[in-house]
Amino acid sequence: MKIVVQMTLNGLRIDVDEGMTILEAARFYGMNIPTLCYLEGLSPYGACRLCLVEIGMPGQSKLVTSCTYRVEEGLVVRTDSEWVIKRRKMLIELYLATCPSSKVIQDLASKYHVTTVRFTPWHEDCILCGLCVRMCAEQMQGKAIGFAHRGSNRRVTTPFDKESEVCRLCGGCMYVCPACQSRCQGPQEEQPVCNACLNLQQPCLDYFEDKMCFMDPCVACELDANREVKAKRRP
Amino acid sequence: MSKQLTDVEDVLEGAVKKHGLSVVPLLQEIQEHFRYLPEEVLRMLSRKTGIPLIDIYHAATFYNSLSLTPRARHQISVCAGTTCHIRGGGKLIEEIFQLLGIRPGEITSDGEFMLETVNCLGCCAFAPAMVVDGKYYGNLNPGEVREILNALRKKAVS
């Protein structure tokens, strides 16, 4: 028999099966948490940090990675509080500087209204999310690629940087890679941030500490935009 | 060649018997025998134990004390951790350069000495510290480094 725990997700009381992670629970209830290193069917890794959520009551809250944190009885989770959004935007900015050629990251930047990059772009072609490594090991039973070296030299490679004997050329690693898909203008674009799909300003953030903007797209934004239009029309 | 191969087999056999499937002790054992980790030996180790080659490669490249390239007879590891750095670890490296003409990561042309920096030797109380051929030296100054290295050189000549 499944044990059900009760928790609060963005102010909503919900019942969740024990053993689920916060990310799984949030996605089950239709609240989107952005991720780069998470994929259903692969073990959670907690490397990209984008799935940060705030847990606990205000004043004693802390940030945890929702993909690795299991639900508990009475847990209070806020997926889009001011603090979380601030950290998430910072992460996206860092990712933009690391790998500006990725469409997935550019899309995230537009969605989260990250318009400037204050860091020197590195133009790496890998963000070390480890999806390809886990795909190869867990789904394909291949173990053809993995991490090598450490610290700033850490990278994904085959043994001895040579063609692997166990690789079956399945292409699973490229299929899951968030950095492989080139941005719309092509990988050689000089500007580190694209912003062609820039999201509307998320107005809730300025008004409430607990942002409840899990509607995707956020209806409040449209309401707010209408209000502004009306205000302008007034003489 | 065949004798060499059986040698390798023996080393691997002994290592596996001793350490089971623990990658790092296995690699340390192999490095002790060959002074570095030859690619072919690691491939044999993978075939013998069933440990995926990438896991072995991961460990071999992760640790500074494991090397995939041939090493010199005398291994000098100078600590470049925070404490050693503050207490003059850089001066030790400079002294070694004056004596042997090698920078971190380099080998002397006669293949006798190799210098490397490590991130921490775990003995910050003795900073600045260095390890020569597995022996720890602490509270060093450049003069003591000169003495240690000259003693080793004399040993090599005699």
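The model is predicted, with pLDDT of at least 70 needed for local features and 80 or more for side-chain atom pairs, while totals for chains, interfaces and linings use all residues. Residues are numbered from 1 along each chain as its sequence is written, chains are lettered from A in the order in which they are written, and side-chain values use heavy atoms, leaving out hydrogens and water.

**Exercise 1. Cysteines**

Task: State how many disulfides a search of the whole structure finds, and examine Cys48(A).

Solution: 
- Step 1. A disulfide is a covalent bond between the sulfur atoms of two cysteines; the criterion here is a pair of cysteine sulfur atoms within 2.5 Å.
- Step 2. The search finds zero disulfides over all chains.
- Step 3. For Cys48(A), the nearest cysteine sulfur belongs to Cys37(A) and is 3.7 Å away, and Cys48(A) is in no disulfide.
- Step 4. Cys48(A) has a relative accessible area of 2% and is buried.

**Exercise 2. The interface of chains A and B**

Task: Describe the contact between chain B and chain A, including its area and its salt bridges.

Solution: 
- Step 1. Contact means heavy atoms within 4.5 Å. Chain B contributes 15 residues and chain A 16 residues.
- Step 2. Buried area is the accessible area (1.4 Å probe) that two parts lose on being put together, summed over both. The two chains bury about 1400 Å² between them, with 59% of it on carbon and sulfur atoms.
- Step 3. Of the area that chain B buries against chain A, 43% comes from Ile54(B), Tyr57(B) and Phe62(B), more than from any other three residues.
- Step 4. A salt bridge is a side-chain nitrogen of Lys or Arg within 4 Å of a carboxyl oxygen of Asp or Glu. There are three salt bridges between chain B and chain A; one salt bridge pairs Lys143(A) with Asp55(B) (3.1 Å, N to O).

Methods. Buried < 20%, exposed > 50% of the residue type's maximum accessible area, 1.4 Å probe, protein only.
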